[in-house]
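Here is a short report for a reader new to this structure.

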Amino acid sequence: MPMIPGVIKGLGVTFKTLIETLFPEGLRKPIPQPSKGAVTVQYPHEKEEPAPRARGIIALHEGNCTACMLCVRECPDWCIYIEGHKTKAPPRRAGGKPRQVNALDRFDIDYALCMYCGICVDVCPFDALFWSPEYEFSEPKIADLLHDKERLGEWMHTVPAFEAYEAGSEAKQKKVPE
Amino acid sequence: MNVTEQDQLSYIAAQAADSRINVEIETEGMTLNIGPQHPATHGTLRIVVKLDGEQVIAAEPIAGYMHRGYEKLTEVRTYPQVTTLINRIDWLGSFANEVPFILAAEQLMEVEAPPRARWIRTILFELSRISNLTLFLGDMGIQLGAMTPVFYAFRDREHVLNQIESVTGGRFHPNFDRIGGIKDDLPAGWIDGTRSAMTRIAEFCDQMEALLLNNEIFESRTRGIGVIPADIALSYGMSGANLRASGVDWDLRRDGGDGLAYKELDWKVWTHPDGDSFARFWVRLQEVREGVKIVEQLLDGIPSGPVMAKVPRIIKVPPGEAWVETENPLGAMGYYVVSKGELVPFRVKIRSASFNNVSIASWVLRGVYVPDIITILASLYFILGDIDR
């Protein structure tokens, strides 16, 4: 049969991969460890580490938000809801005039609508929004995917520090507020 | 007019004679629906084939089950918002979808991306081609009944996707290209990580060659199946690797505009004279290898500097029209952007490769046998989102 040599070569590739998967430490230690050699991750027991820049969920640093509504306007599918009111804050120096600030009443992101494009994080001029690589926030009820400002604030703990840049870069490194 | 059974039969017989089929025994034709939902159709494409026994008399691809109306949606989205939508056209090579649109908008605004941004753009463009075609190489195997290649393809594509994720933040929908540059610079250690991913892809190419190209069963199922001559391919508007597999030396990376950094590199356009399914597989395999070479050259010579040109915060594109076409993983993809000087484009015409590539199905499927339909459709390689938009 002329159909043999190519098939044998292909089977060789498969067999080599099988050996590499079964014995990840090489054939000198012939103890089969398929769970170690396999490339798949056994999800609930072990977890994958997403990259620090991964767009998982948006965290809100409430102190920086001025309710300027830029993110609401720029969102492509309008899934951010903000309500605020003007209020007087105590003066910075003694004897000064009280300052007028915008207080945030409501900041909701509907993750059932969000398509994780990151435009809101980009346009925020006051660094109030950050990406967190956290991905485990599925809910049994769709209404629970509407995260309010307390819940969005909790995600701030999971925001990793910004990475350093590759050589030759002129970009300024940003910082995550404490 | 009433169509009698006799009329129908004579129609089928006429079509059968037309498609070079022996009709000594006048059998009744059978109409077979492949799709809209079928494991071999890559999504929701429907192909209606008329059969005479095992042989196809006529085939008609029916698209539109996944139409999402991108051209209309872009008319109510601002320019930065459009990139996040058009990511979803060809979902396996998302970054490549953004580039021609951004280049068209840059042409209208008369801004130019700084050299560092141009090089990073080209790297990501090529990485998305590699990740897309890697999956094709494995997918072609599973369409022909070989289970192993597709698992290897998913295994090794993961390394490329991880590199794309660690720089853009998204595995499938990067949304990283901006008018006047790119969103952010590379993170530290990314260049070395990409180099090791490229060596893995080079190994993967050798494995695919051993598993499929040298395999006699694979060869006998693809050689001479679905031959598309060069003039037919050109007349149907095919592009990309499908056209190069028909022997036409045409590549927009080499022949197209100056938007990306390809012209400063040393690489080769592969063509194959046969035009059959085997040739299409072979050309794509060589293209992944060439892509690895291109990425390695690009990584060696990234210029330093800023990644963003000076553009206003609120982007208003001056009135005018621009047409930019680039060589995407699936073929030529172009955007015709008309601006009236507002925040949103007035009209965007999207030319995507798969629509033209799959329209040849009615020509090439005539006269083949039923199992070859799958081979030919797999080797034409279309993404459903790219057909329907």
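Predicted model: local features only at pLDDT ≥ 70, side-chain atom pairs only at ≥ 80, totals over all residues.

## Around B:Tyr335

Leaving aside neighbours within four places, its contacts include B:Ile86, B:Ile89, B:Asn97, B:Pro100, B:Phe101 and B:Ala104. B:Ala322, B:Trp323 and B:Val324 are also in contact with B:Tyr335.

## Nonpolar cores

B:Tyr335 belongs to the largest nonpolar core, which has 85 residues. B:Tyr335 is among the residues with the most contacts inside this core, along with B:Phe101, B:Leu127 and B:Trp190. Helix H5 of chain B, residues 115-143, gives the most to this core: 13 residues.

A second core is separate and has 30 residues. Among them are A:Leu60, A:Ala67, A:Leu145 and A:Val159.

## H5 against H15 in chain B

H5(B) also packs against helix H15 of chain B, residues 370-380. The angle is about 175°, and the axes lie 9 Å apart. Angles over 145 degrees count as roughly antiparallel, and H5(B) and H15(B) are therefore roughly antiparallel to each other.

From H5(B), B:Phe136, B:Met140 and B:Gln143 take part. They meet B:Ile374, B:Thr375, B:Ala378 and B:Ser379 in H15(B). Four of the contact residues are nonpolar, three are polar and none is charged.

## Helix H12 of chain B

H12(B) covers residues 277-300 and has 24 residues. From first C-alpha to last, H12(B) reaches 35 Å, close to the expected 34 Å. Of its 24 residues, 18 are buried, so H12(B) is largely enclosed by the rest of the structure.

Terms used: Residues numbered from 1 in each chain as written. Chains lettered and ligands numbered in written order. Heavy atoms only, no water. Core = buried A, V, L, I, M, F, W, Y, C linked by side-chain atoms within 4.5 Å. Buried < 20%, exposed > 50% of the residue type's maximum accessible area, 1.4 Å probe, protein only. Helix = DSSP H or I, 4+ residues; strand = E, 2+ residues; numbered from the N terminus. Contact = heavy atoms within 4.5 Å. Expected span 1.5 Å × (residues − 1). Axes fitted to C-alpha atoms, helices over the stretch in contact; angles between N-to-C directions. Parallel < 35°, antiparallel > 145°, perpendicular 65-115°, else oblique. Nonpolar A, V, L, I, M, F, W, Y, C, P; charged D, E, K, R; others polar.
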